[in-house]
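Me: I'd like to go through this model with you. Can we start with the charged pairs?

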Amino acid sequence: MIAIRGLPGFIRSEVDPSPPPTARPAMTQAPTGSLLQQVAAGQSHAVAEVIDAYGGLVWSLARKYFGRSAEAEDAVQDAFIAVWKAADRYNPEVAAESTYIAMIARRRMIDQLRKEGRRPAAQPLDASPEPKVESNDRLVDEEQVATILKVINDLDPPQPDLIKHSLMDGMTHPEIAEKTGLPLGTVKTHIRRGLIKVRQALGIRPERKGALS
Amino acid sequence: MSSTTNEIPPRLIDLMVEQATQGLSPQDQVELDAALEQDESLRAEAEAYALAATSVELALTKPQQVEALPETLRVKLIDAAAKATAPAAPPFKLTGADAAQPSKRTEQSSAFSFTDGRMFGWYAAAAALIALVAVLAFEREQPTPNGTSPEPTLAEQYEDLAEDGDTIAATWGFNADAGDPAYANASGEVIWNADEQAGYMKLAGLPVNDPAEQQYQLWIVDPTRDAEPVDGGVFDITTQGETIVPINAKLRAEQPAVFAITVEQPGGVVVSEGPLHVVAPVQKG
């Protein structure tokens, strides 16, 4: 099983179904159980635990998208409001809490950037007074990174490049089509198929009979 | 109703993938949301794409882009959480000085005025704030084993009430007389059912507010009861996308003629000076 660095819960994986490690990663503390379900059940102590466990994750995303601290702080506060509201829809059978929270936060941040007519691409980091975590820290651990990189690199060309353009360069599908010279429909199909492969590899969703491929 | 992946219309799959990778335009978001409301399995499918995209992005994020949460921001988040988790029972007692604070507004010219019931209204506004926060964030049902709540969503509650033949509806619009362009893009609908004394607002295009600084407050003008508007409750806007807000009227409103929204101090006020940024006049007939 693949651990999310610094965070409780684990992405379900058909690749390595071993139990989660007990060692705590450096970035945050690791509470037990499903904190989001506790939040949804009205257990207020879980709210602070979620902030402590996933605050660094959401903050790192905000810094990546917004760069400047003031905007990033607003984005983090907005993201956590969305997390509280979506807590009751969290299903631990589908994904780790960290991934679920990151998904919600990321969606809010992308939506905010779109409203402002800005590109949802990573922003360069400016100087930060906040201490950085150790240089070998990632938002997910090396094993998960390796798994995802393998999935992406094993994709048929040009799917790896298209996914990177879409997720890491913040390019829209039409922009990718223009850059690569591929028809827009082809770009969409490649990205969709690539994401389905990632889903399958990480066990995010059970495979469905007759699923699109 | 449920869908298997190979039954999902290609258009919806495109929207799901676009949402997961680049976000959607407001129009496309409305289209996707409408489809997801109809079919929970579609929502799961959309989230699966989003989770996959998120996982890839997290994995490819460079180590130097990973930071710890700043302590100042952590404190803000914890404080906000602590306020939200305050017990439903009133956490404070009004003293004479406390009670005088909101009434100061009555000494100034105002679009709205209350001749009595100030204490009741202030208590009610405070209680409404506590209840609203508690309901939104914490008084949820324990999730079922599949992680979904059996409670109807706000959208479902809205539609259920809207389908009642006795429910009236009005369209939100910018109040040009107030003249604040920040609210020029406000849109949406408000519905009210006098029999059930219940209603909802569907709002879009309002500026996101900081609850620590200001909150929106709804007023219901019902000329059949008296000249004073009914406090419809305070609420927050967290997105410029569409938001559904339940109406929390403090007094009965039998025949609303106009719904109006003001911006007030946190917790709302008993007497509003306006201006009425957004209004929804009820069409006769």
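Reply: A salt bridge here is a side-chain nitrogen of Lys or Arg within 4 Å of a carboxyl oxygen of Asp or Glu. This is a predicted model: local features need pLDDT of at least 70, side-chain atom pairs count only at pLDDT 80 or more, and totals for chains, interfaces and linings use all residues. Side-chain values use heavy atoms, without hydrogens and water.

Me: How many salt bridges over all chains?
Reply: The search finds 16.

Me: Where do A:Lys150 and A:Asp154 lie?
Reply: Both are in helix α5 of chain A, residues 142-154, four residues apart. Helices are DSSP runs (H or I, at least four residues) and strands likewise (E, at least two), numbered from the N terminus. The two side chains form a salt bridge, N to O 2.7 Å.

Me: Are they buried or exposed?
Reply: A:Lys150 is exposed, and so is A:Asp154. Exposed means over 50% relative accessible area, buried under 20%, partly exposed in between (1.4 Å probe, protein chains only).

Me: What does B:Glu57 form a salt bridge with?
Reply: A:Lys64, with the closest N and O atoms 2.5 Å apart. B:Glu57 sits in helix α3 of chain B (residues 40-60) and A:Lys64 in helix α2 of chain A, so the pair joins two chains. B:Glu57 and A:Lys64 are both buried.

Me: New topic. Which residues does B:Asn193 touch?
Reply: Among them are B:Leu161, B:Asp166 and B:Ala198, leaving out residues up to four places away in sequence. Contact means heavy atoms within 4.5 Å. B:Asn193 lies in strand β3 of chain B, residues 187-193, and has a relative accessible area of 0%.

Key: Residues are numbered from 1 along each chain as its sequence is written. Chains are lettered from A and ligands numbered from 1 in the order in which they are written.
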